Amino acid sequence: MILQTILEGLGLGALLVLACAGGIRKGAVGMVHLYSPEVQDRCVKLGLTSHKKIKRNALIFKAFCVPGYIAYVLVCVYGINGANGFAAGFWQLLVILSVMNLIDRILIDGYWVGHTNAWTIPGTEDLKPYITTKDKQKKWLFGTVGMAVIAVVLAVLMTAFIH
């Protein structure tokens, strides 16, 4: 079961990669809502986007990705794996979300954003690294703790819903 759950986490990570790839398909400005306010302001100043478009893209990203990720993990854990009760649901949710968090931190933030030009926005190169060491520390902390909190909340809700 642990291997299946890890594979499901890899699937969720793949969905995140696809969402990011879709977001930057016409250039990294499409995902500038994930960048620091300094980068966002520079993009607006350069005429690459507007604050209104940045907010709109952020809302669209959250409106599709967050419910999609939640649906994915719930279908995997409770639909496919047949988890029953808090403990079984919690550990599976935590594993899937943690694998996705690792993919986000290591592959997306660490490699893709940090070591390729795919996320470079022309005219903002002087603001690199886009993800600073302080940002990385916050993302590791909040990502790790956040995934545990999300797993607890979803497991509690599903336990109440199922019983």
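This is a predicted model: local features need pLDDT of at least 70, side-chain atom pairs count only at pLDDT 80 or more; totals for chains, interfaces and linings use all residues.
R42 is partly exposed, with a relative accessible area of 22%. In this presentation, buried means under 20% relative accessible area, exposed means over 50%, and partly exposed lies in between, with a 1.4 Å probe and protein chains only.

Residues are numbered from 1 along each chain as its sequence is written, and side-chain values use heavy atoms, with hydrogens and water left out.

I return to R42 and its partner. The side chain of R42 meets that of D126 in a salt bridge, at 2.7 Å from N to O. A salt bridge here is a side-chain nitrogen of Lys or Arg within 4 Å of a carboxyl oxygen of Asp or Glu. R42 belongs to helix α2 and D126 to the loop between α4 and α5, so the pair ties together parts that are 84 residues apart in sequence. Helices are DSSP runs of H or I with at least four residues, strands are runs of E with at least two, and both are numbered from the N terminus. D126 is exposed, at a relative accessible area of 54%.

The structure holds 4 salt bridges. Another of them joins R105 and D104, at 2.8 Å from N to O. R105 is buried, with a relative accessible area of 11%, and D104 also counts as buried, at 17%. K139 forms a salt bridge with D109, and their closest N and O atoms are 3.1 Å apart. This pair links distant parts of the chain, with K139 in helix α5 and D109 in helix α4, 30 residues apart. K139 is partly exposed at 29%, whereas D109 is buried at 7%. Through shared partners, salt bridges join D104, R105, D109 and K139 into one network.

The largest one has 37 residues, and Y35, V73, Y78, L93, W119 and I121 touch the most other members. At least two residues of this core come from each of α1 (2–23), α2 (37–45), α3 (51–80), α4 (86–115) and α5 (133–162). The largest share, 9 residues, is that of α3. Leaving aside residues up to four places away in sequence, L93 touches V73, L74, V77, Y78, A151, L154 and A155, where contact means heavy atoms within 4.5 Å.

M1, I2, L3, I6, L7, L10 and W91 make a nonpolar patch of about 660 Å². Such a patch takes residues with over 30% relative accessible area and no salt bridge, and joins nonpolar side chains (Val, Leu, Ile, Met, Phe, Trp, Tyr) within 5 Å. Helix α1 gives the most to this patch, with 5 residues. W91 is found in helix α4 and is partly exposed, at 31% relative accessibility.

Finally, the cysteines. With a disulfide taken as a pair of cysteine sulfur atoms within 2.5 Å, the count comes to 0. For C20, the nearest cysteine sulfur is that of C65, 7.5 Å away. C20 is buried, at 3% relative accessibility. For C43, the nearest cysteine sulfur is that of C20, 16 Å away, and C43 is buried at 0%.

Definitions and conventions:
A nonpolar core is a set of buried Ala, Val, Leu, Ile, Met, Phe, Trp, Tyr and Cys residues joined through side-chain atoms within 4.5 Å. Patches are made of residues with over 30% relative accessible area and no salt bridge: like charges are joined within 9 Å, nonpolar side chains (Val, Leu, Ile, Met, Phe, Trp, Tyr) within 5 Å. Accessible areas come from the Shrake-Rupley method with a 1.4 Å probe; for residues, only the protein chains shown count as cover.
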